[in-house]
Amino acid sequence: MADTSKAGLARKMFASIDNSGSGFIDKVTLRRLFLVCGRNVNDEKLEEIYRSLDKNSDGKIDVEEFIKVDLELVGHERADKLDSAKAFFELVDIDKDGFITIDEYTYFLTAMGENFAEIRESYNKADASKDGKISFSELIKYLNELDSDSD
């Protein structure tokens with residue numbers, strides 16, 4: 001039976017990013033992830049994002065750090081949850097218009113190994129206004145709802 005817990009899903013996402021199987025995500029891999037998502041970040045921004053993910057400051061992101069950050073997106077465990085959500089939002093908002101479209105969402109999550117039906121379903125739930133785009137506030141509301149549903 002597949003692990004559908006938040007941590008299990010985060011592990012699956014990590015494995016899809018860690019192409020080398022090293023157990024770590026380095027800056028080169030993180031940059032590739034951004035490029036796959038159609039976003040070329042400058043070195044300064046990449047460093048900022050990497051530092052926010054590298055919780056123990058050892059210069060690499062391991063699966064436990066990744067899970068912790070992933071769980072922060074849908075939980076209330078840490079005060080910097082909004083920073084993590086903002087980093088996710090900025091990553092997925094490829095055209096930087098302040099909204100996540102279905103195309104951006106699909107592009108990002110299929111790159112992470114998610115299936116199209118689940119992507120569409122989660123997008124429709126997150127798009128509370130039903131205007132065809134997800135604002136940052138809608139994303140936060142959706143993530144909080146996911147957290148509430150898992151309690």
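Contact here means that heavy atoms lie within 4.5 Å. Keep that in mind as you go through the views of this predicted model, in which local features need pLDDT of at least 70, side-chain atom pairs count only at pLDDT 80 or more, and totals for chains, interfaces and linings use all residues. Residues are numbered from 1 along each chain as its sequence is written, and side-chain values use heavy atoms, with hydrogens and water left out.

**View 1. Lys 125 and its contacts.** Lys 125 sits in helix α7, which covers residues 116-126. Helices (H or I, at least four residues) and strands (E, at least two) are DSSP runs, numbered from the N terminus. If we set aside neighbours within four places in sequence, Lys 125 is in contact with Lys 130 and Tyr 142. Look for Glu 145 too: it is 20 residues from Lys 125 in sequence, and their C-alpha atoms are 9.7 Å apart.

**View 2. The two sides of helix α3.** Helix α3 spans residues 43-53, and its buried residues are Leu 46, Ile 49, Tyr 50 and Leu 53. Buried means under 20% relative accessible area, exposed over 50%, and partly exposed in between (1.4 Å probe, protein chains only). Seen down the axis of α3, these buried residues fall within an arc of 100°, so they line one face of the helix. The arc is taken from the directions from the helix axis to the C-beta atoms. On the other side of α3, you will find Glu 44 and Arg 51 exposed.

**View 3. The cap on helix α3.** Asn 42 caps the N-terminal end of α3, with a side-chain oxygen 3.1 Å from the backbone nitrogen of Glu 44.

**View 4. Leu 30 and Tyr 105 in the largest nonpolar core.** A nonpolar core is a set of buried Ala, Val, Leu, Ile, Met, Phe, Trp, Tyr and Cys residues joined through side-chain atoms within 4.5 Å. The largest one has 33 residues, and Leu 30 and Tyr 105 touch the most other members. Helix α5 (81-92) is among the helices that each supply at least two residues of this core, and α5 gives the most, with five. Leaving aside neighbours within four places in sequence, Leu 30 is in contact with Ile 25, Leu 46, Ile 49, Tyr 50 and Leu 53.

**View 5. Helix α6 and the glycine after it.** In helix α6 (residues 102-111), the buried residues include Ile 102, Tyr 105, Phe 108 and Leu 109. Glu 104 and Thr 106 are buried as well. After α6 comes Gly 113, whose phi is positive, near 95°.

Conventions
A polar contact is a pair of N or O atoms within 3.5 Å; within protein, one must be able to donate a hydrogen and the other to accept it, and residues adjacent in sequence count only if both atoms are side-chain atoms.
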